[in-house]
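Hi,

Here is the structure I promised to pass on. Have a look at it first, and my notes follow below.

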Amino acid sequence: MELVNAEARPYQKYFYLFKTTVPEKSVIGFLTKHSANKNSHNIKAKIWIKPNPIDISKFNRNYNQAKERNTYLPFSETDIVICSIAKIIPRKNQIFLIKVLSLLPSQFKLALAGPMVDQGPNLARDMKYMNDRNKLIKQHNLKDRVFIKSEYISPENYICLLYTSDAAD
């Protein structure tokens, strides 16, 4: 069993195990220590924290990387860019980043990238979320400070976005 975000719980309503205890021979994997600490109380199963597969040392930005920014993002090398690459869904909370951006000085910019749901049971929910996000950008006059790419991000573009950003979510 693997719980991949802080909201996941081994006892969720629709989770695989409906019992109040997880069998002791189980192994529960978490992506972060934070998630493990938040969710592993009263569990006698083995807890495993999955190592981060991304080499974060590749994302130490320097001046040359900032100069390359114009290739991937519509921001200048003096801007401070926050980047979030995730599916455009409420759980990923891109709206929070937009609210934070509205409180920061104008040199801060935000790059949001990731696919939109285009069918299925959550389509209406996700379209409403996207519309709410866009209204918030307009309401706070952030159009020139937010870059949105609502599509699948290839591994090459993923690296480029992170490489030219100052902070990534």
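**What I found**

The protein chain has five helices and seven strands in total, where helices (H or I, at least four residues) and strands (E, at least two) are DSSP runs numbered from the N terminus. Starting at the N terminus, the order of elements is β-β-α-β-α-β-α-β-α-β-α-β.

Before you dig in: this is a predicted model, so local features need pLDDT of at least 70 and side-chain atom pairs count only at pLDDT 80 or more, while totals for chains, interfaces and linings use all residues. Residues are numbered from 1 along each chain as its sequence is written, and side-chain values use heavy atoms, with hydrogens and water left out.

On the overall numbers, 37% of the 169 residues in the protein chain count as buried (under 20% relative accessible area, with exposed meaning over 50% and partly exposed in between; 1.4 Å probe, protein chains only). The protein chain exposes about 11,200 Å², and 55% of that comes from carbon and sulfur atoms (Shrake-Rupley method, 1.4 Å probe; for residues, only the protein chains shown count as cover). Among contacts with a separation of 6 or more, 62% are between residues 24 or more positions apart, a contact being heavy atoms within 4.5 Å.

Now the charges. The whole structure has four salt bridges, each a side-chain nitrogen of Lys or Arg within 4 Å of a carboxyl oxygen of Asp or Glu. One of them joins Asp79 and Lys109 at 3.4 Å, N to O. Asp79 sits in the loop between α2 (63-72) and β4 (80-85) and Lys109 in strand β5 (residues 108-113), so this pair ties together parts that are 30 residues apart in sequence. Both Asp79 and Lys109 are buried.

Another salt bridge pairs Asp126 with Arg125 at 2.7 Å, N to O. Here Asp126 is buried at 0% relative accessible area, whereas Arg125 is partly exposed at 41%. Lys149 and Glu151 form one as well, with their closest N and O atoms 3.7 Å apart; Lys149 is partly exposed at 31%, and Glu151 is partly exposed at 40%.

Then there is Arg133, in helix α4 (residues 123-139). What is the nearest side chain of opposite charge to Arg133? That is Asp132, 9.9 Å away, and Arg133 is buried yet has no salt bridge (Lys and Arg count as positive, Asp and Glu as negative; His and the chain ends are not counted). Leaving out neighbours within four places in sequence, Arg133 is in contact with Ile88, Ile95, Ile98, Leu112, Ile148 and Ser150.

Cheers
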